[in-house]
Amino acid sequence: MAAFIILINRGNLLALEKKYFVNNASASSFNWSLVMGAAFLMATSAVGPGFLTQTVVFTQTLGASFGFVILFSILLDILVQTNIWRIIVVAKKRAQDIANVLYPGLGYVIAGMVALGGLAFNIGNIGGAGLGVNVLFPSLDPVTGAAISTVVAIALFLFKSADRLMDRFVISMGSMLLAMMFYVLFSTAPPLSEAIYRAVLPEKFNALAIVTLVGGTVGGYISFAGAHRLLDAGVVGEEALTQVNRGSALAISAASLIRIILFLATLGVLSQGISLDAGNPAASLFLQAAGNLGHKLFGLVLWAASITSVIGAAYTSVSFLKTLHPAIGRHSRSAIIAFILMSTIIFCVLGKPIMLLILAGAVNGFILPITLSVILLAARKKSIVGNYQHPMWMSICGWLISLLMVAMSLHALWWLLRPMIGNG
């Protein structure tokens, strides 16, 4: 049942904050449910419309070799998130405050970068909502659907009594979606032996896929959202680290399990020689495998998931922007609405929702090595973490991941820009 909820609730941070966190002023007390809540928050933030679209698109591109990308990304995700959560919990400070202690003014840079990554996520979320509307009402193009969805998202944000109804709605729809995923998985009989083999010895490799998956799972605000909720709940100090480690790994495992199921379901459809619609490959997957009813249900769930993600991403991004100027904190509700409207305007100008859903993860993958490096530097400062000794092996792994992400991000950027450079 937890997998159902993780699949469909997707980053509705306002609702999650009410459901899973309580005020707790004691830093020494610990409650396992609070860590589980942070893990849940991270997983729901990671599993959104971009997550679904990226998985299907890269499975089309890489075939069974995408299994290697998934497994490699899971390893990176766990190491990244565990480093970030441990250091923030021990430091008892938010990421931007840690950065400001490390180097005065650096926190403003981190806050701006995380908010920029959140904007990229939100543009993709708006695009996902537009795609959902287009599936339900083919006469409405994704841009029109996105504009309509924006009005609905703002209304849901303003009328908080609608949150509970929306939560129940997406839970029921998401349960149907997960059931359809299992139906597609078992009805198409994906080549499991090849998937396992290629997960170890890939035939193809794509740096952009890894950057996108890692960025979409632990990049931007996603890892910080869970860690900051632990701070809000008073779950801090070295005594909480064992449970924090488990919660961090659980969050990644839950989101990754859903990705693996979707990957195998997509692989099963593609192995039958079925082509997916490039305009909305994830919806096309369910149309081909589950018929028109499955297609419409997926459109409904995609729309609902995107709406909750729009609200959650805007809320969390603005929480970082509050660091930049006190006026943003005083007018946070207006800032959130402005953030949603800005995301919509950019999407309506750019269009191309599938490309934007992929690029949202990639942008946050580019930002990740910078934010991770700041956190790792802070782990060696007694003024920030006191007498805490961050495990050397974790620091080494963290720095290696930062360097690897920089290299792969530059390679992915070159791959993206090469056609334009060639045409120039």
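**View 1. Helix 7 passes helix 14 in a left-handed crossing.** A crossing is left-handed if the near helix is turned anticlockwise from the far one by less than a right angle, and right-handed if clockwise. This is a predicted model: local features need pLDDT of at least 70, side-chain atom pairs count only at pLDDT 80 or more, and totals for chains, interfaces and linings use all residues. Residues are numbered from 1 along each chain as its sequence is written, and side-chain values use heavy atoms, with hydrogens and water left out. Helices (H or I, at least four residues) and strands (E, at least two) are DSSP runs, numbered from the N terminus. Two packed helices are described by the angle between their axes and the distance between the axes. Helix 7 covers residues 106-136 and helix 14 covers residues 281-321. Their axes lie 7 Å apart, at an angle of about 150°. Axes are lines fitted to C-alpha atoms, for helices over the stretch in contact, and angles run from 0 to 180 degrees between N-to-C directions. Helix 7 and helix 14 are therefore roughly antiparallel. Angles under 35 degrees count as roughly parallel, over 145 as roughly antiparallel, 65 to 115 as roughly perpendicular and the rest as oblique. By class, the contact of helix 7 with helix 14 has 19 nonpolar, 10 polar and one charged residues. Ala, Val, Leu, Ile, Met, Phe, Trp, Tyr, Cys and Pro count as nonpolar; Asp, Glu, Lys and Arg as charged; the others, Gly among them, as polar.

**View 2. The protein has 19 helices and zero strands.** Of its 424 residues, 58% are buried. Buried means under 20% relative accessible area, exposed over 50%, partly exposed in between (1.4 Å probe, protein chains only). Among contacts with a separation of 6 or more, 85% join residues 24 or more positions apart. Contact means heavy atoms within 4.5 Å.

**View 3. Helix 5 (residues 66-91) is largely enclosed by the rest of the structure, as 21 of its 26 residues are buried.** At 1.5 Å a residue, helix 5 should span 38 Å. The expected span is 1.5 Å times one less than the number of residues. The end C-alpha atoms of helix 5 are 37 Å apart, which agrees. Asparagine 83 sits in helix 5. Asparagine 83 is buried, at 0% relative accessible area. Leaving out residues up to four places away in sequence, asparagine 83 touches Leu372, Ile375, Leu376, His390, Met394, Ser395 and Gly398. Asparagine 83 and methionine 394 are 311 residues apart in sequence, yet 6.8 Å apart in space, C-alpha to C-alpha.

**View 4. Helix 5 passes helix 13 in a right-handed crossing.** Helix 13 covers residues 241-271. Helix 5 and helix 13 pack at about 155°, with axes 9 Å apart. The two are therefore roughly antiparallel. On the helix 5 side, the contact residues include Phe66, Ile70, Asp77, Trp85 and Arg86. On the helix 13 side, they include Leu241, Asn245, Ala251, Arg259 and Phe263. The contact of helix 5 with helix 13 divides into 13 nonpolar, seven polar and three charged residues.

**View 5. Helix 4 and helix 11 make a left-handed crossing.** The axes of helix 4 (residues 49-62) and helix 11 come within 11 Å and cross at roughly 165°. That makes helix 4 roughly antiparallel to helix 11. Gln54, Phe58 and Leu62 of helix 4 meet Leu208, Ala209, Thr212 and Leu213 of helix 11. The residues of this contact are five nonpolar, two polar and no charged.

**View 6. Threonine 212 and threonine 217 both lie in helix 11.** Helix 11 covers residues 207-218. Threonine 212 counts as buried, at 0% relative accessibility. Residues up to four places away aside, threonine 212 touches Gln54, Phe58, Ile358, Gly361 and Ala362. Threonine 217 is also buried, at 3% relative accessible area. Threonine 217 and aspartate 77 are 140 residues apart in sequence and 7.0 Å apart in space, C-alpha to C-alpha.

**View 7. Lysine 92 and alanine 189 each have a positive phi.** Most residues other than glycine have a negative phi. Alanine 189 is in the loop between helix 9 (162-188) and helix 10 (192-200). The phi of alanine 189 is about 50°. Alanine 189 is exposed, with a relative accessible area of 56%.
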